[in-house]
Amino acid sequence: MSSAKDADPSLGYLTRKDTEVKLPRPTRVKNKTPAPIQITAEQILREARERQEAEIRPPKQKITDSTELADYRLRKRKEFEDLIRRVRWNISVWIKYAQWEESQKDFNRARSVWERALEVDYRNHTLWLKYAEVEMKNKFINHARNVWDRAVTLLPRVDQLWYKYIHMEEMLGNVAGARQIFERWMSWMPDQQGWLSYIKFELRYNEIERARGIFERFVQCHPKVSAWIRYAKFEMKNGEVARARNVYERAVEKLADDEEAEQLFVAFAEFEERCKETERARCIYKFALDHIPKGRAEDLYRKFVSFEKQYGDKEGIEDAIVGKRRFQYEDEVRKNPLNYDSWFDYIRLEETVGSKERIREVYERAIANVPPAEEKRYWQRYIYLWINYALYEELDAEDMERTRDVYRECINLIPHKKFSFAKIWLLAAQFEIRQLNLTGARQILGNAIGKAPKDKIFKKYIEIELQLGNIDRCRKLYEKYLEWSPENCYAWSKYAELERSLSETERARSIFELAIAQPALDMPELLWKAYIDFEISEGEYDRTRHLYERLLDRTKHLKVWISYAEFEASAMEEVVEGADSLEEQKRKCIQNARSVFEKAINYFRTSAPELKEERAMLLEEWLNMESSFGELGDVGLVQPKLPKKLKKRRPITSEDGLAGMEEFTDYVFPEETQAPNLKILEAAYRWKKQKISTED
């Protein structure tokens, strides 16, 4: 009952226990030492082979009389017929049946089987081949011809049938019959190999004219480069140089634009080379290089260079090498016409050759590739094409009108409202100056200032006018310059310097006053320094002091204080009235310098206590100055004020939080040390008091 309950219908009403696979217990190997006699895998296989039982084969049947033979044949035919009925489409069964009939020398029955098989699948060329081979093997020539004839009629595109048929006729010595079969085949326009087989057939029988006629039909049927080359080589082999040349010329006329034209030209040139016609070969190479697209002419260039090295003179070799490099550059600029570096290399190559027309052509092609976007970064390389073009026309070609046109076209092409190039304007103007055309140069620079004013243009224009001695023009230009860029300290300084060089002190001072009154300046420290230096050079010390005071109202920078103090210390050098007055003057100057330092220290202590490092540097500078004064100096004034340097650590914070600690130098000044000392004493008293109380 329990077993019935445990039975599982999905397991065929067997229990789980019944379906468990019981594996034999693995035997434990006690002795694991290697056996004294080792057995190889080869030995095991050999023993297995020797112990195999002999294959069971049917007994050999011996036929003793005609009755048994007839019986055997009947049985075998019945077997084959039954098999055919079952697998009618299996061609191998038909072949075996026909071959068996052939082995019985019953050729009529064999033919009957072949014919029945062909009715089943006449497109199977293997059947036709086997059928014809049987007929040929048994020397039924007419039957074989009949089979081949039917085969090529039904399957004219199977080349093997034609080859076998022709081979049979040729073996029988029926050359005319073989030729006739070839003609039938050629009417179907087979592939190149078929035509070449026909040509070889005619050449075997030394029929040169017939072979030539077939070649003519062949190149008409297959107008390919390889076909024409074969034809030409055939003529060359037969010593017909003129005919071979004619073939090549006809081929060039028909296939000059073909994809494989390169091979044709190479073969033609090599043919002329073999005929010792080096000039003809050179002309062919040059014609080919002019007509074939550069991308398909690599082999042609290589052959041309080797040809020139072999037969050409120095110029020819150089020309060939230049041609090869020209081809490479053409390929590069064709792939990416906006790659200006490739254009520069190409132009450099052409300039080494020295053909004016070609150089100009390459320049024109290069500058035609205008950058697509009106952004200066895209134009920076492009503009040098124009510059190089203009310089070439001026220096090498010496065509001044053309140079002027190049500059004009370039200036017109640049979108000056978005960006401009000062170098183009300046080069154009300098060119006009070299041509002694000052009016033209001024006009160009005037246009530049009007359309695209730039620092470089103003500077150069002013420099030119200054060299020519046109001071009024220089003043006007400086006014324009400052009107365009009022914050430019360089322009203000240079304008004032110009006036000073002309001994126009008041004008120079007025310019400086106007300059420092500007609401915004790009480098005000340079302008103030220039103004102060100007006043010092003029010997106006009171004005200089006043200037320093005005500057300190604007900025309390450390360098300003130091410069002011240095000025006060050196303001005595102009005084020469005797030794006593000189020493007195020196003392006065030192006192003035000290008062400046005192003011500065007082400012840093009260108004900017966080700028400890600047205050320390100021004291260092003061100490150095006192040392430089010698006997008049007093180092003791500064030393008590010097700070102590302390190395401290502080945390570094980053976006993620605390990133670590860093060392820094802190300065502790004397007035800061008193308060911490009092705190330390208080803490010490508290500690002592606490200690006494704990002891009690």
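Rings of Phe, Tyr and Trp (its six-membered ring) are taken to pair if their centres lie within 6.5 Å; planes under 30 degrees apart count as stacked, over 60 as edge-to-face and the rest as tilted. Ring pairs link Trp162, Tyr163, Phe182, Trp185, Tyr198, Phe201 and Tyr205 into a cluster. The model is predicted: local features need pLDDT of at least 70, side-chain atom pairs count only at pLDDT 80 or more, and totals for chains, interfaces and linings use all residues. Residues are numbered from 1 along each chain as its sequence is written, and side-chain values use heavy atoms, with hydrogens and water left out.

A pair of aromatic rings is described by the distance of the centres and the angle of the planes. Across the whole structure, 25 aromatic pairs are found. In one of them, the ring centres of Phe107 and Phe140 are 5.1 Å apart and the planes stand at 70°, so the pair is edge-to-face. Helices (H or I, at least four residues) and strands (E, at least two) are DSSP runs, numbered from the N terminus. Phe107 belongs to helix H6 (residues 107-120), while Phe140 sits in the loop between helix H7 (125-137) and helix H8 (141-154); the pair therefore ties together parts that are 33 residues apart in sequence.

Tyr340 and Tyr382 form a tilted aromatic pair. The distance is 5.4 Å centre to centre, with 50° between the planes. Tyr340 lies in helix H19 (residues 340-353) and Tyr382 in helix H22 (residues 382-396), so this pair ties together parts that are 42 residues apart in sequence. Both Tyr340 and Tyr382 are buried.

Side chains of opposite charge can pair when their charged atoms come close. A salt bridge is a side-chain nitrogen of Lys or Arg within 4 Å of a carboxyl oxygen of Asp or Glu. By this rule the count comes to 38 salt bridges. One of them joins Glu81 to Arg116, with the closest N and O atoms 3.1 Å apart. This pair links distant parts of the chain: Glu81 is in helix H4 (residues 66-86) and Arg116 in helix H6, 35 residues apart. Glu81 is partly exposed at 22% relative accessible area. Arg116 is partly exposed as well, at 30%.

Glu209 bridges to Arg212, and here the closest N and O atoms are 2.5 Å apart. Both residues lie in helix H12, three residues apart, about one turn of the helix. Glu209 is exposed, with a relative accessible area of 55%, whereas Arg212 is buried at 6%.

A salt bridge also forms between Arg243 and Glu240, the closest N and O atoms being 3.6 Å apart. Arg243 is partly exposed at 38% relative accessibility, and Glu240 is partly exposed at 32%. Elsewhere, salt bridges that share partners join Arg77, Glu101, Asp106 and Arg109 into one network.

Charge also gathers on the surface. Lys200, Arg230, Lys233 and Arg274 form a patch of positive charge there. Patches are made of residues with over 30% relative accessible area and no salt bridge, like charges being joined within 9 Å and nonpolar side chains (Val, Leu, Ile, Met, Phe, Trp, Tyr) within 5 Å. Lys and Arg count as positive and Asp and Glu as negative; His and the chain ends are not counted. The place of a charge is taken as NZ of Lys, CZ of Arg, CG of Asp or CD of Glu. Accessible areas come from the Shrake-Rupley method with a 1.4 Å probe, and for residues only the protein chains shown count as cover. Arg274 is located in helix H15 (residues 261-274). Arg274 counts as partly exposed, at 48% relative accessibility.

Backbone angles were also examined. Most residues other than glycine have a negative phi, and most peptide bonds are trans. Lys139 has a positive phi, near 65°. Lys139 lies in the loop between H7 and H8 and is exposed, at 68% relative accessibility. Phi of Asn206 is likewise positive, near 60°. Asn206 is placed in the loop between helix H11 (192-204) and helix H12 (208-221). At 59% relative accessibility, Asn206 counts as exposed.

Key. Buried < 20%, exposed > 50% of the residue type's maximum accessible area, 1.4 Å probe, protein only.
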